[in-house]
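Work through the exercises below with the sequence and the model side by side, and try each task before reading its solution.

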Amino acid sequence: MNSNSLTNGDELSLSKALSVVESDRISARRLISSLPEKHSLVVGVTGSPGAGKSTLVDHLSLRFSESAKTAIIAIDPSSPFRGGSLLGDRIRMSRASRSGKVFIRSMASRGLVGGLSPGIYDAVDLLGRCGYGFVIVETVGVGQAETDIVNLSDLVVLVLAPGIGDDIQIMKAGIMEIGDIYVVNKMDMPGAEQLARRVKSILEFAGIEREIVMTGAVEGKNIDKLSDLITGKLNKLKKNGEIENSRKKRTEHAELNAALFAVREAATEGVKLEELIECLQKLREGE
């Protein structure tokens, strides 16, 4: 692969480049640095398993693709025992897959608590430099410790649904600070309006002002409303300069995440401290 094929939109070359990103971070940083610097608008979508995140992302990606090149990174959980991952989220993104307008890549979480491996930060960077205006990152789920998506994204959509315990989940410390927009999906199910009211009450009690949107992702209900709200908030962030701050934070956390991952791997393999320091230096310099 070469830089011209990547910047000219060759998806086969992009897929190969993302495989490098997942397997060899030093080579990945060298490849990424060879491309002209561009940035995507990064939208994180997270929520409990079964809330309908993938179906929602399927619809949103098609809306975003009407105005800019759009990519999806769907993160699937890795087995803590064998390290494998099913990578099956894209099965529920049939509209985007068939459209030919959206690039979809499944990536494994590699067992990290926050759900994001260092390669995901590099993947977002690579996609931006390849001309993708929007990158949607769908995470494996949300828990009290799984808040890394905030460090990666310019805007986070927290997806909730009735009947799967989200009325309890939203009361856990840290969960309600994650989202910039709250979505109560499966709006036709019993308990959906009650869940939306409870979310509103908890946000008001905490002094947090956030938009709450009720959707029916399977039927496509209120998807346009949610899409317009997301793009409107992103445009506002661009105008007031907060997007630049978000990108600086993303770069800082990418380096920290890579260092922590390297330390964890080294500890597992019994690497000497001197060798680890040398490896971290190479990562920082992109050698």
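A salt bridge is a side-chain nitrogen of Lys or Arg within 4 Å of a carboxyl oxygen of Asp or Glu. By that criterion, a search of the whole structure finds 9 salt bridges. The model is predicted, so local features need pLDDT of at least 70 and side-chain atom pairs count only at pLDDT 80 or more, while totals for chains, interfaces and linings use all residues. Residues are numbered from 1 along each chain as its sequence is written, and side-chain values use heavy atoms, with hydrogens and water left out.

**Exercise 1.** Find the salt-bridge partner of E22, and decide how accessible both residues are.

Solution. Step one: E22 pairs with R105, and their closest N and O atoms are 2.8 Å apart. Step two: E22 belongs to helix α2 (residues 11-23) and R105 to strand β3 (residues 102-108), 83 residues apart; helices (H or I, at least four residues) and strands (E, at least two) are DSSP runs, numbered from the N terminus. Step three: buried means under 20% relative accessible area, exposed over 50%, and partly exposed in between (1.4 Å probe, protein chains only). R105, at 14%, is therefore buried, whereas E22, at 27%, is partly exposed.

**Exercise 2.** Which residue forms a salt bridge with R29, and are the two partners buried or exposed?

Solution. Step one: the partner is D125, with the closest N and O atoms 3.2 Å apart. Step two: R29 lies in helix α3 (residues 25-33) and D125 in helix α6 (residues 118-129), so the pair ties together parts that are 96 residues apart in sequence. Step three: R29 is buried at 18% relative accessible area, and D125 counts as buried at 19%.
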